[in-house]
Amino acid sequence: MSSGQGKKRLTNNSGEVGFLAKVTRRVSDTPIVAYTKQKASDAAYVSHKLLKSTGKAAWIAGTTFLILVVPLIIEMDREQQFNELEMQQQSLLGAPPLAPTQK
């Protein structure tokens, strides 16, 4: 296949521009098309900035959670296991079981 077979011709054999090419060019040069292209470009720019800032906010929230909340959860679990162990040891020694303390 030659390189020209896949492309559409806008001119005929005599070098004149075809009707479809004239209409397409005339429509493409209207102010409404330029305005629409500008607004689409602006929307793409704003959405890119929004996605970028949302990603930054998600990173900050995720790392804050890992640094502050996960160690707290681990410590609370450790304290609960310690309280259960104390209750088990007291029951083995014959002391009456104490009510678990809530913090």
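Colleague: What relative accessibility does Glu-75 have, and how does Glu-75 count on that basis?

Modeller: Glu-75 comes out at 42% relative accessibility, so it counts as partly exposed; the cut-offs are under 20% for buried, over 50% for exposed and partly exposed in between, with a 1.4 Å probe and protein chains only. Bear in mind that this is a predicted model, where local features need pLDDT of at least 70 and side-chain atom pairs 80 or more, while totals for chains, interfaces and linings use all residues. Numbering runs from 1 along each chain as its sequence is written, and side-chain values use heavy atoms, leaving out hydrogens and water.

Glu-75 has a partner: its side chain meets that of Arg-78 in a salt bridge, 3.6 Å from N to O. The rule asks for a side-chain nitrogen of Lys or Arg within 4 Å of a carboxyl oxygen of Asp or Glu, and by it the count comes to 1. Side chains of opposite charge can pair when their charged atoms come close. Arg-78 itself is exposed, at 52% relative accessible area.

Stepping back, the protein has 2 helices and 0 strands, taken as DSSP runs numbered from the N terminus (H or I, at least four residues, for helices; E, at least two, for strands). Of its 103 residues, 1% are buried. As for pLDDT, the predictor's confidence in each residue from 0 to 100, the average is 82, and 76% of the residues score at least 70.
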